[in-house]
Amino acid sequence: GRMASMNEDGNEKEVTAADQADINAFSRLNVQFHDLEDDLKLKKEELVNLQDCSNELLMILDDEELVKVSVGETYVDLNQDDAQSHVNNLVEETEKNVTELETQITHVKEQMKELKARLSLKFGKSINLEEDE
């Protein structure tokens, strides 16, 4: 059957194939948006842990003490300078990841906003698009 929706002045608006494509695109973007937000949250937590780790390294009093650092699945003993630079590299990399994710999220949100504006223009309040601020 024909999908129809009422707008404020009581006129029925037909949902065209193009509208349906926009609605589907919006749904996909919305899923992507939530996935990216989850990734971002994890990366930010990772970053905080790495920064804590970096601070702890700075507080070691005994310069000779070796530091256990996890590399992939294993642990290696590094001297403090090496450990510190290893952690600093991870911090830098993770900061880059965070920035990339934030850029992607902004891009996705812009696309969603465009689609929403276009659909709302045609269907008014009757179209209910899931979007969490």
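A residue counts as buried when its relative accessible area is under 20%, as exposed when the value is over 50%, and as partly exposed in between, with a 1.4 Å probe and protein chains only as cover. The model is predicted, so local features need pLDDT of at least 70 and side-chain atom pairs count only at pLDDT 80 or more, while totals for chains, interfaces and linings use all residues. Residues are numbered from 1 along each chain as its sequence is written, and side-chain values use heavy atoms, with hydrogens and water left out.

**Exercise 1. Work out how β3 and β4 are arranged.**

Solution. Two strands pair if DSSP finds at least two bridges between them. Strand β3, residues 67–71, and strand β4, residues 74–78, are joined by five bridges in the antiparallel sense. Within this pair, K68 stands opposite D77 in β4. The two strands form a hairpin with two residues between them, and G72 in the turn has a positive phi of about 60°.

**Exercise 2. Determine how helix α1 lies against helix α2.**

Solution. Axes are lines fitted to C-alpha atoms, for helices over the stretch in contact, and angles run from 0 to 180 degrees between N-to-C directions. Helix α1 covers residues 17–58 and helix α2 covers residues 80–123; they pack at an angle of about 160°, with their axes 7 Å apart. Angles over 145 degrees count as roughly antiparallel, under 35 as roughly parallel, 65 to 115 as roughly perpendicular and the rest as oblique, and α1 and α2 are therefore roughly antiparallel to each other.

**Exercise 3. Decide whether S54 and E37 are buried, partly exposed or exposed.**

Solution. S54 is found in helix α1, and its relative accessible area of 10% makes S54 buried. Contact means heavy atoms within 4.5 Å, and S54 touches Q84, V87 and N88 when residues up to four places away in sequence are not counted. E37 is also found in helix α1, but at 35% relative accessibility E37 counts as partly exposed. Finally, E37 and Q104 are 67 residues apart in sequence, and their C-alpha atoms are 9.8 Å apart in space.

Methods:
Helices (H or I, at least four residues) and strands (E, at least two) are DSSP runs, numbered from the N terminus.
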